[in-house]
Amino acid sequence: MALAGRRDGPLMLRGGGGGKPLSHGSRIAVAVAVGIALGCVCAFLYPDGLFRPSASALQWSRHGEVDSTACESSGRVTNLESQLASLERKNAELRRQINELSMKLQLAGQGKDETLYKAGPFGTVKALRTNPTVMPDESVNSRLAKILGEVAVKKELIVALANSNVREMLEVWFTNIKRVGVPNFLVVALDDNIESFCKSNGVLVYRRDPDEGIDNIAKTGGNHAVSGLKFRVLREFLQLGYSILLSDIDIIFLRNPFDHLYRDSDVESMSDGHNNMTAYGFNDVFDEPSMGWARYAHTMRIWVYNSGFFYIRPTIPSIELLDRVADRLSHEKAWDQAVFNEELFFPSHPGYEGLYASRRTMDIYLFMNSKVLFKTVRKDAQLKKLKPVIVHLNYHPDKLDRMKAVIEFYVNGKQDALQRFPDGSE
């Protein structure tokens, strides 16, 4: 049998005798068979296809796909990172707003009988720890407000009080702040010489308006007398709405302190403690044998906060603290640091209403006092590798000499710079 080509009439199957038309189903079967046959022939003759692209074209295509995919992937990652950072900022702002609104709600409900809150499930209840800040009042001191507006970063700055008695230490102090790269600091000059000295060294300085009560102490007072003045001077800073990191002059800055604050309390202070127990508190058992069975009495002890280095937020409890300390120092012959701690820690009791200010103790190995450094850190191979944020030479009278040694050790890398000093004072 032979297959005839396409004609105007029906497809015919011809034999030796004559032609008979194929049915519709038979024609479909024949067409399928022809298509399969042609496909087999093409597959045999052209195994790589009739329109095979060149090698260079394939290579360009593959590289183009990879490059395109890489670019798209990199772009997506960058976009996601940007979105994540934006969400984190929004989340932090929302937390701040929730905290402030919760505090406002609590303050609004003070003195009312209605219940403001319902306690949540066990383990989920937490009291508010951060008090709201006061509304800034520039009428208190418009000149100071202008200065603070220029120097503060995020409404924060380092403040130190100084008179001519500490001029040499003051130079070491602000030189190291500059070296660390902290721009937001201010010196409150207590006499003309310090004001001129700061200006000549490019240090922003503030000189208060004349005040006989303050000026007499400021010009001639020693360390403790001048230290007590800060509680009166700082009040205006807080009233203007600024958070202050108060610093004595006998301090070496090695890192930016604002990167290591929690900002969750009214007062965040360095400790005079020399280990975890003394700095953060411990259960001290008092033994009184004459009491027999009840001879042991448990007490709570903690080393005092250092009033020469603390961060204070502009809140009502913070301002009340400054007022309480300044008032007592004006009537009592007392050490400002002792009064500062008594007002922070003593609870309300008959005849006395305690201060309800929140407080936090700074990390003693980041905000390090000189007892920690000279009794412990310099003798420990591992602790010597840590770089503190600041070192306060509060435990030693030879302050300037030790300040320079601290710089040699931590800044210039002189490993034996601290070895010549005794643990304490000679």
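Modeller: Gladly, with the caution that this is a predicted model. From strand 4 the chain crosses through helix 4 (residues 167-180) to strand 5, in a β-α-β crossover that is right-handed.

Colleague: How many bridges join strand 4 to strand 5, and do they run parallel or antiparallel?

Modeller: Strand 4 and strand 5 (residues 185-189) run parallel and are joined by five bridges. Strand 4 also runs parallel to strand 7 (residues 243-247), with four bridges joining the two, and there Glu 156 has Ser 243 as its bridge partner.

Colleague: And is strand 4 mostly covered or open?

Modeller: Strand 4 (residues 156-162) is mostly covered, since seven of its seven residues count as buried. On one side these are Glu 156, Ile 158, Ala 160 and Ala 162, and on the other Leu 157, Val 159 and Leu 161, which leaves both faces of the strand covered.

Colleague: What about Lys 155, what is its phi?

Modeller: Lys 155 has a positive phi of about 65°, although it is not a glycine. Most residues other than glycine have a negative phi. Lys 155 lies in the loop between helix 3 (142-151) and strand 4, and with a relative accessible area of 37% it is partly exposed.

Colleague: Which loop holds Arg 263, and what is its phi?

Modeller: Arg 263 is found in the loop between strand 8 and strand 9 (267-271), and its phi, near 60°, is again a positive value in a residue other than glycine. Arg 263 is partly exposed, at a relative accessible area of 29%.

Colleague: Changing topic, what is the strand order in the open sheet of three strands?

Modeller: The order is 8-15-14, with mixed pairing. Strand 8 (251-253) and strand 14 (367-369) are the edge strands, each pairing on one side only, and the twist from one strand to the next averages 15°. Strand 14 pairs with strand 15 (residues 390-392) in the parallel sense over three bridges, and His 392 in strand 15 is the bridge partner of Asn 369.

Colleague: Which helix packs on that sheet?

Modeller: Helix 12 (residues 399-410) does, touching strand 8, strand 14 and strand 15, and its direction makes about 20° with that of strand 8.

Colleague: Now the charges: how many salt bridges does the structure hold?

Modeller: The structure holds 22 salt bridges. One of them joins the side chains of Lys 404 and Glu 168, at 3.9 Å from N to O, and this pair links distant parts of the chain, with Lys 404 in helix 12 and Glu 168 in helix 4, 236 residues apart. Lys 404 is partly exposed at 41% relative accessibility, and Glu 168 is partly exposed at 48%.

Colleague: Is Lys 230 buried or exposed, and which residue does it meet in a salt bridge?

Modeller: Lys 230 is buried, because its relative accessible area of 2% falls under the 20% cut-off. Its side chain meets that of Asp 248 in a salt bridge of 3.8 Å, N to O. Asp 248 sits in the loop between strand 7 and strand 8, while Lys 230 is in helix 7 (residues 223-239).

Colleague: And which residue forms a salt bridge with Arg 360?

Modeller: That is Asp 264, the closest N and O atoms being 2.7 Å apart. Arg 360 lies in strand 13 (residues 359-361) and Asp 264 in the loop between strand 8 and strand 9, so the pair ties together parts that are 96 residues apart in sequence.

Definitions and conventions
Residues numbered from 1 in each chain as written. Predicted model: local features only at pLDDT ≥ 70, side-chain atom pairs only at ≥ 80, totals over all residues. Heavy atoms only, no water. Buried < 20%, exposed > 50% of the residue type's maximum accessible area, 1.4 Å probe, protein only. Pairing = 2+ DSSP bridges. Right-handed = clockwise from strand over helix to strand, strands pointing away. Axes fitted to C-alpha atoms, helices over the stretch in contact; angles between N-to-C directions. Contact = heavy atoms within 4.5 Å. Salt bridge = Lys/Arg side-chain N within 4 Å of Asp/Glu carboxyl O.
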